[in-house]
Amino acid sequence: MTDTFESLVETAFRRIALQAGAVIMQVYARPDFEARAKSDNSPVTEADEAADALIRAELARVFPDMPVVTEELSDSHSIQADRFIIVDPLDGTKEFVQRRGDFTVNIALVENGVPVRGVVYAPAKERLFYTRTDGTSVEEQGPFGDEAGALTPIRVSQPDNAALLVVASKSHRDAATDEYINRYAVKDAKSAGSSLKFCLVATGEADFYPRLGRTMEWDTAAGHAVVLGAGGQVLRFDDHRPLTYGKPGYENPFFLVLAPGVTLR
């Protein structure tokens, strides 16, 4: 990628994520909003759809020749490309509907199976994470304006395997996940929604996030990029190889997000 393209990705992804977050929060602030079930029984709201329309329009304007895969446009799920943008306009819709605040806007750039750039914006939490042109990850301090504010470089923890900090899904935790976590010496276990779990590992607020459940690439790509830029790893659960992108149907296997010092069991 050229320096000009790199800079454009950073600035455009940040701006578009903030704009989408503003649209989402307009719906969130209302006393009621429409929610319905999709064909896979997952919820979708007017906030998902409005944010998706905004993100797709802006990406088409800034990157007119770049394939875009987005959760809310099923026609995009058959795209096959070595380089593409992948979007979840509102990750954590269950948290949104239940007004728990743990929802995010996710935009990522994938090259040759690797999410190389990403932005994760949690508008209700006022937290913004993204990768910079040099590949490192930062958290920007709000309030968020047209120009980037103060940036804090983020880095994964140096974990103590005798006292691990674990984060798991708030809406999708199950007995299999608990059984796996119980193999480890855990000092503290917390729950979080959406791709915020990736960001908690990236900032060192957690050492380890195991996901034994169904996810799609748009759920994980942006957070994955942020973790990589903070020195972390995202590995397949079955063989501990790096999780890759552009898979048929864009469905993920089970995976593990970790600081490299975690000893896997």
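Which residue in β5 is the bridge partner of I85?

Modeller: The model is a predicted one. The bridge partner of I85 is L109 in β5. The two strands concerned are β4, residues 83–91, and β5, residues 104–111, which pair in the antiparallel sense over seven bridges. Both belong to an open sheet of seven strands with mixed pairing, in the order β3-β4-β5-β6-β7-β8-β9. At its edges are β3 (68–70) and β9 (151–153), each of which pairs on one side only. From one strand to the next, the twist averages 20 degrees.

Two helices pack against this sheet. Helix α1 lies across β4, β5, β6 (114–122), β7 (127–131) and β8 (137–140), and runs at about 155 degrees to β5. Helix α2 touches β3, β4 and β5, its direction making about 155 degrees with that of β4.

The helices also pack on each other. Between α1 (residues 3–28) and α2 (residues 46–62) the angle is about 155 degrees, and their axes lie 9 Å apart. Because angles over 145 degrees count as roughly antiparallel, α1 and α2 are described in that way. Their crossing is right-handed. Residues of α1 in the contact include L8, F13, I16 and V23, while α2 contributes, among others, A47, L54, I55 and V62. By class, the contact of α1 with α2 comprises 15 nonpolar, one polar and four charged residues.

Methods. Residues are numbered from 1 along each chain as its sequence is written. This is a predicted model: local features need pLDDT of at least 70, side-chain atom pairs count only at pLDDT 80 or more; totals for chains, interfaces and linings use all residues. Side-chain values use heavy atoms; hydrogens and water are left out. Axes are lines fitted to C-alpha atoms, for helices over the stretch in contact, and angles run from 0 to 180 degrees between N-to-C directions. Helices (H or I, at least four residues) and strands (E, at least two) are DSSP runs, numbered from the N terminus. Angles under 35 degrees count as roughly parallel, over 145 as roughly antiparallel, 65 to 115 as roughly perpendicular and the rest as oblique. A crossing is left-handed if the near helix is turned anticlockwise from the far one by less than a right angle, and right-handed if clockwise. Contact means heavy atoms within 4.5 Å. Ala, Val, Leu, Ile, Met, Phe, Trp, Tyr, Cys and Pro count as nonpolar, Asp, Glu, Lys and Arg as charged, and the others, Gly among them, as polar. Two strands pair if DSSP finds at least two bridges between them.
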